[in-house]
Amino acid sequence: MIEANDTDEEDDEEEGVEEIEVARDIDIPEVLPVLPVRDVVIFPVMIFPLYVGRPMSIAAVHGAVDSNRMLVLVTQKSPDVDVPEEKDLYTTGCVALIMRLLQQSDGRLKLLVHGLRRAQILHYLGKEPMLSARVRPIDDQEDENEPLAPETEALVRAVKDSLLKAVALGKLIHPDIVKIAANINTPGSLADLVAANLQLEVAEAQAILESVDGVGRLQKVNAYLMKELEVLTVQHEIQSKTQEGIERTQREYFLRQQLKAIQEQLGEGDDRREEIGEYRTKINAAPLTEEAKDVADKQLGRLERMHPDSAEAGIVRTYLDWIIELPWTRFSEDQLDLDAVLKVLNEDHYDLTEVKERIMEQLAVRKLNPTGKAPILCFVGPPGVGKTSLGRSIARAMNRKFVRMSLGGIRDEAEIRGHRRTYVGALPGRIIQGIRQSGTGNPVFMLDEVDKIGADFRGDPSSALLEALDPEQNSEFRDHYLEVPFDLSKVMFITTANLLDPIQPAFRDRMETIRLSGYTEEEKLHIARRHLLPKQLGEKGLSEKLLSISDAAIEKITREYTREAGLRNLERQLATVCRRVAMRVAKGYQRRTNVTASAVSTYLKAPPYVEPEVDEVDEVGVATGLAYTEAGGTSMTIEATAMKGTGKLTLTGQLGDVMKESAQAALSWVRSRAEVLGIDANFDGMDIHVHVPEGAVPKDGPSAGVTLCTALVSLLTGVPVKKKVAMTGEVTLRGRVLRIGGVKEKVLAARRADCRTVLLPLSNKTDVEDLPQFVTKQMTFQYVNRVDEVLAAALAAPLADRKKRGETPPARRTSRRAGVS
């Protein structure tokens, strides 16, 4: 076995070492023993230690010692071959002289060889007892006595300078080698000396050994030397930076020891160190992003240099507490079992099929694409229909934390983005506060009452919310207090509103609207049975053995004691019944109390709300309209009367601007159609007064146009309006009936008012088809496209029949019912 050894010096006094003098001019025999070597290439003028252990190699060494102490060193192509053959060896090697020989205790030989000349293997002669070959020495193609060309001399100087730089940068080269290289001017010899000390790869070193041209060989060595200089330069820079870091650490340690001694003298050392240590431990343990950790470390360094009782120190402590406690990279695991999610939603809410389907769709998409961006859902509906509780159910179904934030009345942008730390008492915005409260970075975050956000000189909160809710921006949401990007892209934002119109258009554009309509009496009965009544019984300490409320009683409470699209007042009335029964039970009454429809007034007194009943007789100038309000749908009676005057139109009942314009448009249409309708178009001597009862309640919206038209035509023609017909629709000056919204709520209001016939715009036909069957049963819907169709369906008698009978227009006769004087 032959191995390279890094030892450059040998002990001259070692026992068993034989020495000879190295002659400068030695004749190379034609036949020499061959010594295969691994992982090293021996160059001329190179002195190198070797270990020999293979039998054929030991025989070659002994053969050389017995003759002229010369052998040829040939490098193996593969170091894994133990018994190399001719094909496993390079064809060019180096004739070397054995300078020293030492027998090791394990049988191996230790050699010190000196490379003499290059040699080419012509052919091998035999393997037994040693490998030998016929060789031909190779001389460099250069004359040592001939002066060097300028280019060659420049190359020689460059190699020498580069060698000195390499040594200066830490290259391990013996000083004697540097001295020898400084005195060599022959390109080939200099190339051999430098290549022997560069630790080149075997293939690279063999290529240099096989090169006969000294100048070309030196050029190759120069290229390798330049590459080595680049590596050494980078290594030196790394070591310098490391050393600087070590020195800085040592300096900081020394200064901290001095600071520690000063603090101990001031009596504040122990508490101060303990506080800083606690913060440092918390920072290292907290799930911070890289940027957040850098900021926290910087602020901790500031705190460490401050006086503990300064005002600024308190601000920094508060800031560090916020940074540490925020869930930067802490997330809860989503529950994506669709069946389990649907089960939870059905447990918490009755019906709401469309909403549940949309939520299931979103969870299905998230299951297939966990990194997808979630849309911002906006639940729009009247109060009490379950918007907030639905968000809580979604969080429970998905196994996420739930955070609710009410935006009603917010006018300051800082409520969303936070206050800058330059202000006294500054805090992060309410979004970051909610995230901290949840403890996870992906809660279900509900923003309530987005339609009630204000704006003033302190900013527009709606605009500030755009960044937080926009999936394209909220991955790097910057709160003014934190000033560090926080990722909100994994938060599921859900907003709620009663009306869409007040929401800023740009804000509304980023949300997907899901409407939650009001509940029917049948739905309220089911919800009361499944959710409200059991909840109130548990809260009041009762059970079904002590209290029973019949379905008829619940229906009566719904109809006569509540007037809402939602369930809040119904729950309050049920709570009142439960409290009064609980009071009886607390006094010792242990028998079961059965609350029937007739007994409801015993517990709830007189009904506060009674749905306005349509008069039993058809009246002139009175029409029933349907309106959509924040509280849901409601029926609305519009009355019109006429009197002598100056042709003025009076509108009362707290009508909004839109409704006033609808009245003007209706009157203009009637004037334009006066001849067709058989009405005297000259209203100059008659004032018309239109009134909507319940004047304390503001009313607005365009959908009362057809009702106003019908009331005016009935007044001016003297034909009464059918008492069981309700209508809704916007009217144009050309008499067209336009599409309206809130169809379900308005239909429910018509049912409560016992109006079984509803006139709707033709374009709303698809909305009726989407309504549940229990809503539309026993209801008749007539779809109209023009006001003439409305009049034909709503008036008790056709106008054509009145004209045929030759009746006098109401402007020319007296009618107490029409109110004309």
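Angles under 35 degrees count as roughly parallel, over 145 as roughly antiparallel, 65 to 115 as roughly perpendicular, and the rest as oblique. These angles run from 0 to 180 degrees between N-to-C directions, and the axes are lines fitted to C-alpha atoms, for helices over the stretch in contact.

This is a predicted model, in which local features need pLDDT of at least 70, side-chain atom pairs count only at pLDDT 80 or more, and totals for chains, interfaces and linings use all residues. Residues are numbered from 1 along each chain as its sequence is written, and side-chain values use heavy atoms, with hydrogens and water left out.

## Two helix pairs

Helices (H or I, at least four residues) and strands (E, at least two) are DSSP runs, numbered from the N terminus. Take helix α2 (residues 150-168) and helix α4 (residues 187-195). Their axes come within 11 Å and cross at roughly 20°. The two helices are therefore roughly parallel to each other. The crossing of α2 and α4 is left-handed. That term applies if the near helix is turned anticlockwise from the far one by less than a right angle, and right-handed applies if clockwise.

Which residues of α2 and α4 meet? From α2 come T152, V156, V159, K160 and L163, and from α4 come P187, L190 and V194. Contact here means heavy atoms within 4.5 Å. The residues of this contact divide into six nonpolar, one polar and one charged. Ala, Val, Leu, Ile, Met, Phe, Trp, Tyr, Cys and Pro count as nonpolar, Asp, Glu, Lys and Arg as charged, and the others, Gly among them, as polar.

Now take helix α23 (residues 705-717) and helix α27 (residues 787-794). They pack at an angle of about 60°, with their axes 10 Å apart. These two are therefore oblique to each other. The crossing of α23 and α27 is right-handed. V706, C709, T710 and V713 in α23 meet V787, V790, L791 and A794 in α27. By class, this contact has seven nonpolar, one polar and no charged residues.

## A parallel sheet

Strands of a sheet pair through backbone hydrogen bonds, either parallel or antiparallel. Two strands pair if DSSP finds at least two bridges between them.

| Strand pair | Sense | Bridges | Residues opposite each other |
|---|---|---|---|
| β8 (residues 376-380) and β13 | parallel | four | L377 and I494 |
| β10 (residues 444-448) and β13 | parallel | four | F445 and F493 |

How many residues of strand β13 (residues 492-497) are buried? Six of the six are, so the strand is largely enclosed by the rest of the structure. Buried means under 20% relative accessible area, exposed over 50%, and partly exposed in between (1.4 Å probe, protein chains only). In a regular strand the side chains alternate between the two faces of the sheet. Both faces of β13 are covered. M492, I494 and T496 are buried on one side, and F493, T495 and A497 on the other.

I514 lies in strand β14 (residues 511-515). Is I514 buried or exposed? At 4% relative accessibility, I514 counts as buried. Not counting residues up to four places away in sequence, I514 touches V355, R358, L377, C378, F379 and V380. The C-alpha atoms of I514 and T496 are separated by 9.5 Å, and the two residues are 18 apart along the chain.

## Two positive phi angles

D39 is found in the loop between β2 (31-37) and β3 (47-52). Phi of D39 is near 65°, a positive value in a residue other than glycine. D39 counts as exposed, at 56% relative accessibility.

R69 lies in the loop between α1 (55-66) and β4 (70-75). R69 also has a positive phi, of about 65°, although it is not a glycine. With a relative accessible area of 10%, R69 is buried.
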